[in-house]
Amino acid sequence: VELSFSDGLLPGIDYRLSFSNLLNKSENSTSSGLQIFSFVEPLLISSVSIEDDQTLVVTFSRELDVSSAESIARYELDLAIGNPSSVSIISSNQVRLSWTSSFPSASLILTVDGLLDVDGELISDLGKRVTFDYLNLEVDTVFQQEQAVIVKFNQDLDANSAVDVTSYRLDNGQQPLKVVLS
């Protein structure tokens, strides 16, 4: 049975669950008693952030066992991308995963298997997969408007790199005199 309570359970607290007069399906056996248990917050993927086109930062709900977290075999991206080429520990609950190839523009699934927290608890089946979208920066359209060339990208640009005139060049060698981020 799954029991839901109005107040959430707090990690690290011992709870006493009493039950009484429960019948089995055949109604030929009853049970009553008391069970003591501690609520343990499960190890889950809390978030994934994209650092660049080959690197993810993954944050977990609990502190990680370092030797378990450093194993590249624990992490896998779908679409035949596979295991990262390196894993580095950022903090007690955060790792940086790097691949040698760039991510495709796609919805990707990161699966983490066999990872342990500092208490030796295995990552929960409910929290070992996360889906995220990666979108490579690409030009959507280029067109002329009076004496200007308008370039539209598929996502917002970093303001400093966008207005750097050295970032753009025509095939005849010309660079723009000025760039305005719109």
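## Aspartate 164

In this predicted model, aspartate 164 sits in the segment that follows helix H2 (159-162). Aspartate 164 is partly exposed, at 33% relative accessibility. Its side chain makes a polar contact of 2.7 Å with the side chain of threonine 166. Lysine 178 is 14 residues away from aspartate 164 in sequence, and their C-alpha atoms are 8.4 Å apart.

## Salt bridges

The whole structure holds 5 salt bridges. One of them pairs arginine 96 with glutamate 51, with 2.9 Å between the closest N and O atoms. Arginine 96 belongs to strand S7 (residues 94-98) and glutamate 51 to strand S3 (residues 45-52), so this pair ties together parts 45 residues apart in sequence. Both partners are partly exposed: arginine 96 has a relative accessible area of 29%, and glutamate 51 has 43%.

Aspartate 117 and arginine 62 form another salt bridge, at 2.6 Å between the closest N and O atoms. Aspartate 117 is in the loop between S8 and S9, while arginine 62 is in the loop between strand S4 (55-60) and helix H1 (66-69); the pair therefore ties together parts 55 residues apart in sequence. Aspartate 117 is buried at 1% relative accessibility, and arginine 62 is buried at 15%.

A salt bridge also links aspartate 125 and lysine 128 (3.5 Å, N to O). Here aspartate 125 is exposed at 63%, whereas lysine 128 is buried at 11%. Shared partners join Arg62, Asp117 and Asp119 into one salt-bridge network.

## The sheet

An open, antiparallel sheet is formed by 3 strands in the order S5-S8-S9. Strands S5 (75-77) and S9 (129-134) each have a single partner strand, so one side of each lacks a neighbour in the sheet. S5 is joined to strand S8 (residues 106-112) by 3 bridges, and leucine 77 stands opposite leucine 110 in S8.

Technical notes
Residues are numbered from 1 along each chain as its sequence is written. This is a predicted model: local features need pLDDT of at least 70, side-chain atom pairs count only at pLDDT 80 or more; totals for chains, interfaces and linings use all residues. Side-chain values use heavy atoms; hydrogens and water are left out. Two strands pair if DSSP finds at least two bridges between them. Helices (H or I, at least four residues) and strands (E, at least two) are DSSP runs, numbered from the N terminus. Buried means under 20% relative accessible area, exposed over 50%, partly exposed in between (1.4 Å probe, protein chains only). A polar contact is a pair of N or O atoms within 3.5 Å; within protein, one must be able to donate a hydrogen and the other to accept it, and residues adjacent in sequence count only if both atoms are side-chain atoms. A salt bridge is a side-chain nitrogen of Lys or Arg within 4 Å of a carboxyl oxygen of Asp or Glu.
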